[in-house]
Amino acid sequence: MSSDLSSHGEVAIPDASGAGDPIPDPGLPPHEPRLTDVDEQAAKRAERQVATLFGLAALLIIAFVVAYLVVPRHAAFLGFGASNLALGSTLGLALLFIGVGAVQWARRLMDDHEIVEERHSSSSSEQDRAEAIAVVRQGADESGIGRRTLIRRTLIGAVATLGIAPIILLADLGPLPGNKSAHTIWRRGTRIANDVTFKLLRPEDLELGQLVNAVPLTLEDLPEGKERNNARAKASVILVRMEENQIRALPNRKNWGVGGILCYSKVCTHVGCPVNLYERVTRHVLCPCHQSTFDLADNGRVVFGPAARSLPQLPIMVDADGYLVAQSDFTEPVGPSYWERG
Amino acid sequence: MSSATPKAVSAPLEFLDERVGLAKLVKSNLRKVFPDHWSFLLGEIALYSFIVLLLSGTFLTLWFKPSMQEIVYNGAYGPMQGLHMSEAFASTLDISFSVRGGLLMRQIHHWAAMLFIGAMTIHMLRVFFTGAFRKPREINWLIGTILLQLGLIEGFTGYSLPDDLLSGTGLRFVEGLIRSVPVVGTYVSFFLFGGEFPGDAIIPRLYPIHILLLPGLILALVAAHIGLVVYHKHTQHTGSGRTNKNVVGYPLMPVYMAKAGGFFFIVFGVTALMGALFQLNPVWIYGPYNAAQVGAGTQPDWYMGWVEGGLRIMPNWETHIAGFTISWNIFIPGVGLLGLLAVVMSIYPFIERWVTGDNREHHLLDKPRNQPTRTGFGVAGMTFYGLLWIGGGNDIIATTFHLAINDITWFLRIAIFIGPVIAFMITKRICIGLQRRDRDKLLHGTESGIVMRLPHGEFIEVHKPLPMEQAYELAAHDRQEPLDIGAGVDHNGVEAPNRRILRLRARVSRFWFGDAVQKPTAGELEAAHTHGHGHDDGHGELEAGESEAHRPEVGAGSGKTPT
């Protein structure tokens, strides 16, 4: 290869003779004239072609303005939004024509003799390096940063301490978690309501094999916006009804259901998507985000997918008025795992 | 300036030159040479789509309201009137339905974002496979890896802003991901979201990150990236007249001003046409975000698909130690894969430099075949990425091809380890095969398709000599033989102190270059030409039974390369 490329280090570089070995460089091939170089008519044609593209672009911009003013906002055309289609296609084609015109001009008409430019090594010369070091040394000497260690150390200390300021300023970004993640608004006696209509649910409202999305009725008491949304994100549940003899409840969960109706958290224990794809034959519920699958007849156990923990179950009962209510809050945190969860 | 220039032009130029020394800048830069190759356009596409993003994004900020304040919608889109939603979502609907050209700009912005990351990714592959990351361009490679990752985050923050059902689900995933970080996860999540999920702070907080902080960083890094390209001058492919010490191509003015400038308009035009014709992210179909709802077939934008796939195929491992929980099932694919991408990409040029011990500057690009091991690694990486990406769509694949999602997931869990190894081996073999063919062509020329019968009855295929330019191009790369560290003992038979590292390096070097086919030496070339078509080119059976005496004549009419 070339002479200015030297190697460092104690190990010999593998032989790399590169270009020219074993076949010598024949040099740049001779310039081949294009049709437009030798035929004046062809050059004229190319010029007209480019000019036509630019002219069409200008016309399309005018069409764009007309479309903006004339095409009604909500009209449809061939299933497209007419305004979007008209504006986009005129603007897009105008831009495309300008671009194609310019490229065509360069390819057909501009001089196409290849130019050779020499490269220089990216590094500075030895002399430049020496001079650079001298300049830095001189500056350092004149400042006295090397000698005056007290100044140097206190400066480093001050600037390092300064780094604390922006970090401390960010402390008000959020409250500390506390044990908020461990609780929801479910309490003993909280009534279970349909999640859209807030209609209260009785056991007889659920048919065999049915799944109902539900929320605590107390959600309605919370102000709209952040508070209600945050509460909903944790307290949403699904109610399912199955044959009582199909339920394989853990010993301590024997009385958590009402006549074959079980209630589970709707928040996937993986990363928190709502689980909502229910297969009534297998009584499995699947999370549409990452396909974690839970067996609702078997305490919400994970049967497939990346979720590690069972779907938390909400113990329910029927109150004096015959409505489905919670026996208590969830007995474990709902949603994705976290460090302090234990 | 020149006296022939009209005063209307010369006066402002003179004004500028007297103040900023314009003439010097113009003189040294305007005729800068850039080489021509289609693969050099990939980086340009990334650059231009970024400019399209800045333009269309600025338009969108004029109407978008980054607020999670809940309002009742009474805008132009009938089906959602009366619904409760955030101001962010309502203003996105307004941009789509009430602002003329608003939907077009939204769709241009989103398409350009997909194109930006796609072009960066393919540009990165081009740079990798041609070895353009080698000295002196390692720093630019690092800037590129940072740009790619900033692009991923920028894209994610962007599609999280409209506060539709899909974007909220994406944020839910991010919250779960952050929570999986040991020790600090819960705190980081509460600080980012201003409390519990979803809260009302995340969109106002992502907004300045998306429209100011990240674009500013990207813009600064893009400027540095291009500045370094100008300083180093562009790499070029091998070819006659193109050496490591020159750059052959066309000047910035006028050719590349027209070509590159024109190409910007082409990229902008194509994104505008896509915005006009291809609908994407129809948020009015998804509806406003509700933490209790999710659409089936929920998918992130394509560039997050591989992380999504990692999350889907990861086994459900979770560890409980001393009252604390570590969610490997989320942490490994979520945080680990992004970290893996960053680390592997960043250190690769330095690993290869260590193995080769090569400290020279490289301005000529490699043909991927001439670096079988590097190319094998690249394809293995692409296979790894591709398998994860398939995992990200496992539900779509299951429903489209009527397969069991469990089978797809299990297949991928195994293939993710085996696939890249197989891809590496196959790619390396293909590269070596291509190298053999190149060597063969150099030694014996190309097959002409003309079969000739010799007077004594032998059939041979006439080989045509390679044109000089082609022959030169096939042989212009470095010879890369494994590192020879010698005996490594001094006069007294004592091993050098760094011998162990050297031995390791030699072993890695053997793995890297041991199987590569070397181009012929001048001697081999000479022998092949004087000896006629040799026996090592696979034509042996045609000549079976022939005596040596015929060879020179045969050789004259066949198997000739130039020189």
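This is a predicted model: local features need pLDDT of at least 70, side-chain atom pairs count only at pLDDT 80 or more; totals for chains, interfaces and linings use all residues.
How many bridges join strand 7 of chain B to strand 8 of chain B? Five bridges do, and the two strands run antiparallel.

**A hairpin in chain B**

Strand 7 of chain B covers residues 446-453. Strand 8 of chain B covers residues 459-464. Together they form a hairpin with five residues between them. Gly457(B) sits in the turn and has a positive phi of about 105°. Across the pair, Val451(B) stands opposite Glu461(B) in strand 8 of chain B. Is strand 7 of chain B buried or in the open? Of its eight residues, the number buried is zero, so strand 7 of chain B lies largely in the open. Buried here means under 20% relative accessible area.

**A covered helix in chain B**

Now turn to helix 4 of chain B, residues 87-97. This helix is mostly covered, with nine of its 11 residues buried. Among them are Phe89(B), Leu93(B), Ile95(B) and Phe97(B). What do the buried residues of helix 4 of chain B pack against? Their partners include helix 3 (41-61), helix 5 (102-129) and helix 9 (202-232) of chain B. Strand 2 (70-72) and strand 3 (84-86) of chain B are also among the partners.

Next comes an open sheet of three strands, in the order 3(A)-4(B)-1(B). The pairing is antiparallel. Strand 3 (115-118) of chain A and strand 1 (33-34) of chain B stand at the edges. Each has a single partner strand, so one side of each is left without a neighbour in the sheet. Strand 1 of chain B pairs with strand 4 of chain B, residues 246-251, over two bridges. There, Val33(B) has Pro251(B) as its bridge partner. Helix 10 of chain B, residues 252-277, lies across strand 1 and strand 4 of chain B. The helix runs at about 70° to strand 4 of chain B.

**A sheet within chain A**

Chain A has an open sheet of four strands, in the order 8-9-10-11, with antiparallel pairing. Its edge strands are strand 8 (277-279) and strand 11 (301-304) of chain A, and each pairs on one side only. From one strand to the next, the twist averages 30°. Strand 10 of chain A, residues 293-295, pairs with strand 11 of chain A over three bridges. In that pair, Thr293(A) stands opposite Phe304(A).

| Strand pair | Bridges |
|---|---|
| Strands 7 and 8 of chain B | five bridges |
| Strands 1 and 4 of chain B | two bridges |
| Strands 10 and 11 of chain A | three bridges |

**Chain A as a whole**

Chain A holds seven helices and 13 strands. Its radius of gyration is 37 Å, well over the 20 Å that the globule rule gives for 342 residues, so chain A is more spread out than a compact globule. Along its principal axes, the C-alpha trace of chain A spans about 95 × 75 × 50 Å. The domain assignment gives domain 1 (35-108) and domain 2 (181-341). How far apart do the C-alpha centres of these two domains of chain A lie? They lie 58 Å apart. Of the residues of chain A, 42% count as buried. Chain A exposes about 18,300 Å², and carbon and sulfur atoms supply 59% of that area.

Definitions and conventions
Residues are numbered from 1 along each chain as its sequence is written. Chains are lettered from A and ligands numbered from 1 in the order in which they are written. Side-chain values use heavy atoms; hydrogens and water are left out. Two strands pair if DSSP finds at least two bridges between them. Axes are lines fitted to C-alpha atoms, for helices over the stretch in contact, and angles run from 0 to 180 degrees between N-to-C directions. Domain bounds come from an automatic or database domain assignment. Buried means under 20% relative accessible area, exposed over 50%, partly exposed in between (1.4 Å probe, protein chains only). Contact means heavy atoms within 4.5 Å. The radius of gyration is taken over C-alpha atoms; the globule rule is 2.2 Å times the number of residues to the power 0.38. Accessible areas come from the Shrake-Rupley method with a 1.4 Å probe; for residues, only the protein chains shown count as cover.
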